[in-house]
Amino acid sequence: VRGYDDRSYGEAFADVYDEWYLGVSDIDATVALLGELVTDAGGGPVLELGIGTGRLALPLAATGVVVHGVDSSPAMLDLLAAKDGADQVRTWVGDMVDDLGIDTYGVVFVAYNTLFNLRSAERQQACFRTVAQRLRPRGSFLVEAFVPDERDGEAVDIRTMTADRVVLSISRHRAADQVAEGQFVELTETHGVRLRPWAIRYASPQELDAMAAAADLTLAARWEDVARAPFTDDSVRHVSVYRRP
Ligand SMILES: C[S@@+](CC[C@H](N)C(=O)[O-])C[C@H]1O[C@@H](n2cnc3c(N)ncnc32)[C@H](O)[C@@H]1O
């Protein structure tokens with residue numbers, strides 16, 4: 001999507017993010033898994049890359065874990081800041097490759113395909129490198145992402161339709177470039193047209209493992225989801241835990 005940059009996603013989706021995406025993954029299971037990784041590492045803090053509105057970070061902080069979070073979108077962070085418990089989480093506007101704060105971390109995590117918001121292999125590789133530099137010994141980097149399928153395609157789907165409002169999801173997928181991009185187009189009688197663009201560069205679990213290896217991180221565990229269902233050839237998503245050797 002021409003004109004799209006690192007801030008575009010958060011600035012376009014902030015107002016609907018919690019309504020549309022609150023239920024995209026199991027928050028309790030995520031918090032339980034991250035809590036165990038913190039224990040394995042001998043303590044926090046935990047850093048979330050692309051913390052967004054705090055969907056996962058706030059419940060994690062409520063368990064007593066020290067949580068920090070970086071996000072490129074001021075609009076997403078403003079929503080987080082207005083929520084109960086926000087004073088327990090340290091956040092800053094920045095980039096998940098270059099602005100990882102001043103601390104070292106017991107756990108760094110990037111949830112719900114957010115790593116793919118880095119739209120080149122080089123940026124994703126750089127992210128693994130900077131995370132590895134900030135992990136303490138026994139620390140973990142948890143990545144949650146979908147497993148790509150290799151088919152090209154274009155689609156227009158209906159996300160929501162009522163008498164006075166329709167939200168269309170328009171997307172295209174170029175497998176050769178590992179790029180998927182799209183727009184949610186909201187049409188209303190009263191407010192006209194609203195566009196919410198998104199664009200990702202996706203990577204297979206094997207490609208992520210190679211990026212991790214190049215950053216001196218090894219795969220310690222892989223499941224299908226945060227509830228730790230076994231990962232199989234049919235899994236459409238994965239939760240992978242990388243560790244410093
Ligand atoms: C799909 S949302 C996920 C939010 C949250 N982690 C969750 O699971 O609900 C992706 C987030 O990543 C942020 N983001 C995108 N590119 C980024 C970058 N280069 N650096 C930091 N944050 C980024 C967006 O602003 C958005 O808040």
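1. L187, V193 and L195 make a nonpolar surface patch of about 250 Å². Patch members have over 30% relative accessible area and no salt bridge; like charges are joined within 9 Å, and nonpolar side chains (Val, Leu, Ile, Met, Phe, Trp, Tyr) within 5 Å. Accessible areas come from the Shrake-Rupley method with a 1.4 Å probe, and for residues only the protein chains shown count as cover. L187 sits in strand β8, residues 179-188. Strands (E, at least two residues) and helices (H or I, at least four) are DSSP runs, numbered from the N terminus. L187 counts as partly exposed because its relative accessibility is 31%. The classes are buried (under 20% relative accessible area), exposed (over 50%) and partly exposed (in between), with a 1.4 Å probe and protein chains only.

2. Ground rules. This is a predicted model: local features need pLDDT of at least 70, side-chain atom pairs count only at pLDDT 80 or more, and totals for chains, interfaces and linings use all residues. Residues are numbered from 1 along each chain as its sequence is written, and side-chain values use heavy atoms, with hydrogens and water left out.

3. Helix packing. Two packed helices are described by the angle between their axes and the distance between the axes. Helix α5 (residues 121-134) and helix α6 (residues 205-214) have axes that come within 8 Å and cross at roughly 50 degrees. α5 is therefore oblique to α6. Angles under 35 degrees count as roughly parallel, over 145 as roughly antiparallel, 65 to 115 as roughly perpendicular, and the rest as oblique. The axes are lines fitted to C-alpha atoms, for helices over the stretch in contact, and angles run from 0 to 180 degrees between N-to-C directions. The α5 and α6 crossing is right-handed. Right-handed means that the near helix is turned clockwise from the far one by less than a right angle; anticlockwise is left-handed.

4. Salt bridges, overall. How many salt bridges does the structure hold? The count is 17. The criterion is a side-chain nitrogen of Lys or Arg within 4 Å of a carboxyl oxygen of Asp or Glu. Side chains of opposite charge can pair when their charged atoms come close.

5. K83 and D18. These two form a salt bridge, with the closest N and O atoms 2.7 Å apart. K83 lies in the loop between α4 (74-81) and β3 (89-93) and D18 in helix α1 (residues 8-21), so the pair ties together parts 65 residues apart in sequence. K83 is partly exposed, at 27% relative accessible area. D18 is also partly exposed, at 24%.

6. R123 and D95. Here the closest N and O atoms of the salt bridge are 2.9 Å apart. R123 belongs to helix α5 and D95 to the loop between β3 and β4 (105-110), so the bridge ties together parts 28 residues apart in sequence. R123 counts as partly exposed, with 24% relative accessibility. D95 is buried, at 13% relative accessible area.

7. R151 and D149. This salt bridge has its closest N and O atoms 2.7 Å apart. Is R151 buried or exposed? R151 counts as exposed, at 61% relative accessibility. D149 counts as partly exposed, at 37%. Elsewhere in the list, salt bridges with shared partners join D15, R165, E186, R194 and R196 into one network.

8. Cis peptide. The bond from G44 to P45 is cis, with omega near -5 degrees. P45 is in the loop between α2 (27-41) and β1 (46-49).

9. Positive phi outside glycine. R138 has phi near 70 degrees. R138 is in strand β5, residues 135-146, and counts as exposed at 52% relative accessibility. R228 has a positive phi of about 70 degrees too, although R228 is not a glycine. R228 is in the loop between β10 (218-223) and β11 (237-243). At 29% relative accessibility, R228 counts as partly exposed.

10. Two C-alpha separations. F141 is in strand β5 and is buried, with 0% relative accessible area. R7 lies in the segment before α1 and is partly exposed, at 43% relative accessible area. The C-alpha atoms of R7 and V24, 17 residues apart along the chain, are separated by 21 Å.
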